[in-house]
Number of protein chains: 2
Amino acid sequence: MLDAVDLSRKVAKSKYKEVIPGLELRLGQLQRNARKWKIPIVVVFEGLEASGKGTQTNKLLLALDPRGFTVYPTHPANEEERRKPFLWRFWTKIPEGGRIAIFNRSWYGRFLVERMDQTITEQDWSRAYGEIRSFEKQLVDAGTVIVKFFLHISQAEQRKRFMKLQSSPSTAWRVTDYDWQKHENYRECLAVATEMLERTHSEYAPWTPLGAENWRSANMTIFRTVIDAVEARIRQLENADASARPSPPKLEKTPSGLLKKVDLSKSMKKSDYRKALKKYQARIKNLEHEVHRRRIPVVLVYEGWDAAGKGGNIKRLVENMDPRGYEVIPVAAPNDIEMDHHYLWRFWNRMPKTGHITIFDRSWYGRVLVERIEGFCSESEWKRAYREINEMEEHLTNFGAVILKFWMHVDKDEQLSRFKDRKKNPHKRWKLADEDWRNREKWDAYEKAVEEMIHRTSTPNAPWVIVESNSKYYARIRVLKTVTRKLESRLGIRH
Amino acid sequence: MLDAVDLSRKVAKSKYKEVIPGLELRLGQLQRNARKWKIPIVVVFEGLEASGKGTQTNKLLLALDPRGFTVYPTHPANEEERRKPFLWRFWTKIPEGGRIAIFNRSWYGRFLVERMDQTITEQDWSRAYGEIRSFEKQLVDAGTVIVKFFLHISQAEQRKRFMKLQSSPSTAWRVTDYDWQKHENYRECLAVATEMLERTHSEYAPWTPLGAENWRSANMTIFRTVIDAVEARIRQLENADASARPSPPKLEKTPSGLLKKVDLSKSMKKSDYRKALKKYQARIKNLEHEVHRRRIPVVLVYEGWDAAGKGGNIKRLVENMDPRGYEVIPVAAPNDIEMDHHYLWRFWNRMPKTGHITIFDRSWYGRVLVERIEGFCSESEWKRAYREINEMEEHLTNFGAVILKFWMHVDKDEQLSRFKDRKKNPHKRWKLADEDWRNREKWDAYEKAVEEMIHRTSTPNAPWVIVESNSKYYARIRVLKTVTRKLESRLGIRH
């Protein structure tokens with residue numbers, strides 16, 4: 001793609017001065033319009049060293065209303081960021097509807113910096129192609145406009161710019177030995193960039209490579225490209241164009257009857273429970289330390305019927321653990337800020353760093369459960385979610401995470417008797433909401449959704465475990481045992 | 001304070017089992033009640049190494065509804081955190097109303113870790129006493145309940161616990177050489193802790209030192225102390241007790257007439273403006289690099305009348321700058337999440353790290369301007385704010401920040417002609433809101449508030465600069481010049 005870039009293209013100052021005010025006005029109007037339509041916009045500036053990414057970023061942002069954008073300069077990942085999956089620091093920065101996020105360098109540092117510098121393995125950077133494609137696709141499917149620029153200059157021009165920077169004492173420090181080294185390897189840089197551009201160019205998130213030797217020419221291309229992309233999206237929405245909302249993916253049928261087959265008669269005597277509880281809690285306590293020492297991130301997901309005993313189960317799991325190593329995230333309806341973001345954003349934000357255990361009490365699976373049933377998202381949104389969730393979990397396991405997902409299963413009779421108990425008991429009454437009764441009426445619809453969820457999102461690395469929960473004792477030990485064994489197997493500990 | 005702690009106090013298992021369920025129930029109820037009253041609660045666990053902070057934290061949180069609290073384990077500051085004032089990482093974690101933040105180790109690490117280890121200067125730790133006192137006072141004045149525990153054990157007990165940890169392979173790594181070294185310096189640790197407890201014990205945020213050799217005894221004290229503190233606060237609120245809301249501080253009178261004296265006839269010819277603009281923009285560009293290299297954080301605040309030209313002024317200031325080094329933060333009305341936090345929380349969140357320039361387009365001064373005038377906060381709140389703001393700015397300058405605050409001043413006639421111009425011009429019409437006309441009607445009240453603000457919050461390290469802005473050209477150069485000179489003087493650069 002870079003061969004086709006015309007590096008000699010120039011725009012005269014007079015021409016530029018004539019055209020640019022009109023473009024700036026249009027950009028300003030578009031930004032206000034995009035806000036009205038709540039369109040999230042992502043602009044990426046990548047390019048060779050000294051290709052003018054900073055200048056172009058500044059030109060663009062000066063044409064915008066500062067209340068509507070944020071600039072993110074991307075530096076090498078810091079301590080905290082290295083302890084999360086590599087897309088984490090970008091997921092947490094995606095814009096909410098109506099806002100623009102401008103990335104000066106970006107997730108493409110995976111290739112242009114980390115691959116080039118050989119600070120990551122080939123497995124890591126080659127896997128990043130797929131991870132980035134699914135990241136960008138997920139954003140675009142949810143309505144984000146992504147515009148990506150690659151600023152290109154010749155080796156000779158780069159040299160000239162380095163020399164100029166070095167000539168002034170306040171900018172000399174910006175050119176490091178390392179930059180010169182990269183300059184020497186110019187051809188190799190270009191080869192890496194070319195492969196990257198080719199493999200991450202897509203209809204939904206296309207690259208615009210451009211000659212950046214003449215900043216005016218580059219600037220005009222940038223303004224026009226952003227304008228075109230945002231205008232196209234607004235036009236789609238204004239015309240309620242069918243393509244404005246992606247259509248639901250076709251999914252194979254889910255076999256039904258899975259939950260009916262669960263053996264809910266399983267139970268446990270109190271004395272056995274006490275013994276097992278003590279034993280597994282002691283083992284979990286040690287495993288938490290080991291996980292911390294070996295820097296493994298652990299994600300545990302609890303989903304289940306209302307009153308299936310999630311809270312009490314989690315309590316037994318963590319009772320003996322060190323609170324510095326685990327966190328319980330109770331998931332309720334999203335707040336205003338969360339609502340304005342991609343639905344996975346709030347979960348990406350809470351993912352554990354290496355060595356930590358995060359327990360989600362309800363989770364992203366709300367998308368294919370309550371949001372599906374209650375119509376809080378569209379059919380194409382929840383149908384798409386299966387793939388998106390599988391991708392997210394895959395990105396986590398690529399990073400080394402252990403993931404376990406529990407479906408706490410009770411039958412309708414057991415739920416009713418627990419509801420009644422809550423109603424009677426003054427200390428438990430606050431736990432029972434009108435909503436619980438309403439959900440109960442939709443049991444059959446939920447059952448179907450749960451079966452489909454388990455069918456579509458059980459993967460070898462992130463399996464669902466159906467926990468027979470009519471007996472709370474049994475269910476607690478079942479979870480403790482499952483977590484213990486999974487961690488022991490991962491850590492290579494035998495018991 | 002630690003001499004008085006009875007290390008021999010024990011509670012029998014039977015007694016504990018009898019008492020604790022009742023305390024747990026009360027805690028749960030209190031938490032729901034505190035949520036109703038939107039009370040933010042901060043619990044701090046400090047103590048000697050191996051004194052059981054983790055265990056006690058876990059016992060407390062297990063009695064709580066996980067939807068209502070967050071545990072923050074405090075580690076040594078990471079790269080990012082070291083580039084912010086030391087309280088930054090705690091300010092950003094303060095709970096919103098109705099939530100509990102549990103800190104396992106905390107800002108007191110300033111003494112128990114950093115002072116002990118001599119990783120900070122005496123100036124830094126001795127200054128931290130005042131900074132912490134004002135941090136805690138600000139939170140409590142805004143309705144937060146703060147409960148601080150110091151867990152005390154004898155040197156012999158500490159030794160015993162270290163040995164026990166070392167005896168198991170999964171916990172042995174937790175006892176480092178460094179821990180043993182601290183163990184040897186037990187007396188010194190205790191002296192540092194004692195001074196810290198004495199100097200940060202206050203009526204509003206008292207310490208509870210307690211013997212932690214017997215965990216049951218410690219646990220009961222902790223539960224009871226938290227219950228008492230929260231109950232006392234709820235009682236205050238329920239009885240609409242006068243002390244529930246602090247009364248307005250008495251302030252000296254502000255001399256009036258300051259703004260009337262501003263010489264708004266100052267102006268500048270276009271040709272002079274062009275020349276000066278070029279000159280100062282070039283100097284600012286270099287200064288931005290220098291500031292980055294020397295790792296100085298810079299905070300610039302713009303306040304001013306509607307249509308005084310803040311936006312255009314900021315644009316000229318940053319036009320030639322590198323967007324990786326500066327950020328413009330436009331400040332509007334707080335969103336839901338921000339509303340539920342201390343009013344300074346959202347500003348603390350956005351403070352620059354070292355080497356970065358943050359420009360606030362409107363700021364925390366909204367507290368004593370729009371919030372005061374519109375009655376969005378109480379009289380005692382805005383009156384208290386002068387001190388709180390001065391404290392915040394002092395904490396920033398203690399950390400090395402350069403702070404400049406601009407009041408963009410125009411007269412009523414000039415504002416009217418700008419409003420009319422905006423109304424006429426289709427490209428500018430979106431800038432003019434009904435609110436602007438309403439604010440204009442309150443000109444006199446705002447004038448009084450502005451004069452009081454300037455009087456009370458102009459400090460040597462964070463001065464207000466009144467910018468004569470009837471002439472936009474003059475005002476832009478005035479700001480550019482002021483910033484240039486301030487930074488040059490700070491950096492020791494002569495021109």
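Reader: Hello! Which hand does the crossing of α7(A) and α8(A) have?

Author: In this predicted model, α7(A) passes α8(A) in a left-handed crossing.

Reader: What is the angle between α7(A) and α8(A), and how far apart are their axes?

Author: Helix α7 of chain A covers residues 155–167 and helix α8 of chain A residues 177–184. They pack at an angle of about 165°, and their axes are 10 Å apart.

Reader: Why are α7(A) and α8(A) called roughly antiparallel?

Author: Set the value against the cut-off: angles over 145 degrees count as roughly antiparallel. The angle here is about 165°, and therefore α7(A) and α8(A) are roughly antiparallel to each other.

Reader: Which residues of α7(A) and α8(A) meet?

Author: From α7(A) come Q155(A), Q158(A), R159(A), F162(A), M163(A) and Q166(A), and from α8(A) come D179(A), W180(A), H183(A) and E184(A). By class, this contact has three nonpolar, four polar and three charged residues.

Reader: Now for α10(A). What makes α1(A) parallel or antiparallel to α10(A)?

Author: Helix α1 of chain A (residues 13–36) and α10(A) have axes that come within 10 Å and cross at roughly 30°. Since angles under 35 degrees count as roughly parallel, α1(A) and α10(A) are therefore roughly parallel to each other. Their crossing is left-handed.

Reader: Which residues of α1(A) and α10(A) make the contact?

Author: Among them are Y16(A), L23(A) and L27(A) of α1(A), and F223(A), I227(A) and I234(A) of α10(A). The residues of this contact divide into 14 nonpolar, two polar and seven charged.

Reader: Which residues make the contact of α2(A) and α10(A)?

Author: α2(A) brings Q56(A), K59(A) and L60(A), while α10(A) brings W215(A), A218(A), N219(A), I222(A) and F223(A). Five of these residues are nonpolar, two polar and one charged.

Reader: Let's turn to the two chains. How many residues of chain A are in contact with chain B?

Author: 47 residues of chain A are in contact with 47 residues of chain B. The area buried between the chains is about 4300 Å², with 59% of it from carbon and sulfur atoms. In chain A, L62(A), R324(A) and W430(A) lose the most area to chain B, together 15% of what that side buries.

Reader: How do you know that E79(A) and R82(B) meet in a salt bridge?

Author: Their side chains are 4.0 Å apart, N to O, and the cut-off is within 4 Å, so the pair qualifies. The count between chain A and chain B is four salt bridges.

Terms used: Residues numbered from 1 in each chain as written. Chains lettered and ligands numbered in written order. Predicted model: local features only at pLDDT ≥ 70, side-chain atom pairs only at ≥ 80, totals over all residues. Heavy atoms only, no water. Contact = heavy atoms within 4.5 Å. Helix = DSSP H or I, 4+ residues; strand = E, 2+ residues; numbered from the N terminus. Nonpolar A, V, L, I, M, F, W, Y, C, P; charged D, E, K, R; others polar. Buried area = accessible area lost by both parts, 1.4 Å probe. Axes fitted to C-alpha atoms, helices over the stretch in contact; angles between N-to-C directions. Parallel < 35°, antiparallel > 145°, perpendicular 65-115°, else oblique. Left-handed = near helix turned anticlockwise from the far one by under 90°.
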